[in-house]
Amino acid sequence: MRETTDAEHVDPRPVDPGHGDTQGAPAGPVTISPAAATADDAAPDTIGARVFTDRWIGVLLTLGSALALVASFQLSLDKIRLLENPDYTPACNFSILMSCKSVINSEQGAAFGFPNPFIGLIGFGIVIAIGVAAATGVRFPRWYWVGALLGLTFAAGFVHWLAYQSIFQIQVLCPWCMVVWAATIPMFWYTLLHVLAKLTRARWVRALQRWHLVPVVVWYLAVAGVILWAFWDFYWADFFANL
């Protein structure tokens with residue numbers, strides 16, 4: 001009968017099943033390298049992770065809605081003062097072209113039966129709350145961002161309708177209203193791109209994010225061009241001639 005002792009040695013080196021016994025050959029080092037990043041994986045690092053994050057969008061919404069809130073508050077004050085004194089002249093009445101009073105007192109200035117600035121006080125108050133929360137690190141679910149986008153879509157559509165009414169129907173410009181226009185456009189656009197990136201990783205969404213500034217600049221230039229064209233004979237021709 002064979003005795004087993006602790007002196008028997010068992011070689012701990014693994015045996016390659018494909019090459020038989022590897023005794024006598026030193027085991028080579030094993031290295032594990034990370035998988036190469038694909039184009040889809042790299043895109044969020046270069047675009048989404050740097051620009052279109054909840055925190056960055058929160059900062060944008062905070063700044064934009066704060067600006068729009070100031071304009072809405074000033075328009076609300078002017079409306080109240082005009083109700084108290086119809087002869088009151090708001091400070092934003094600069095010329096025959098720039099006249100908040102004409103816009104505030106117009107039928108379009110109360111599209112839903114009450115002054116439009118009251119909508120801005122409520123709506124932009126909600127947006128600034130969302131923006132501050134997101135900027136400080138609160139993580140909202142996807143449906144919450146979709147809801148914010150729906151609200152901003154209404155805001156963007158409404159301010160463009162008001163812009164059309166102001167330019168072509170009332171035929172004067174309201175400086176504080178234009179502040180709201182300017183603030184709403186980028187808030188809507190960047191929230192749209194942010195939500196689309198949460199819903200899909202399609203290449204066209206990443207392309208829009210990569211060129212995110214171009215549509216905003218074109219948007220502003222288009223509005224400015226319409227204003228120049230619509231009021232050229234009425235105001236701008238003489239304005240530039242007297243420079």
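Trainee: Is R81 buried, exposed or partly exposed?
Mentor: R81 is partly exposed, with a relative accessible area of 34%. Buried means under 20% relative accessible area, exposed over 50%, and partly exposed in between, using a 1.4 Å probe and protein chains only. One caution: this is a predicted model, where local features need pLDDT of at least 70 and side-chain atom pairs count only at pLDDT 80 or more, while totals for chains, interfaces and linings use all residues. Residues are numbered from 1 along each chain as its sequence is written, and side-chain values use heavy atoms, with hydrogens and water left out.
Trainee: Okay, which residue does R81 form a salt bridge with?
Mentor: With D78, the closest N and O atoms being 4.0 Å apart. A salt bridge here is a side-chain nitrogen of Lys or Arg within 4 Å of a carboxyl oxygen of Asp or Glu. D78 itself counts as buried, at 1% relative accessibility.
Trainee: How many salt bridges are there in the whole structure?
Mentor: Three. In one of them, the side chains of D54 and R139 meet at 3.3 Å, N to O. D54 also forms one with K198, at 3.2 Å between the closest N and O atoms.
Trainee: And D54, buried or exposed?
Mentor: D54 counts as buried, at 8% relative accessibility. R139 is exposed, at 67% relative accessible area, and K198 is partly exposed, at 25%.
Trainee: Which residues do shared partners join into one network?
Mentor: D54, R139 and K198.
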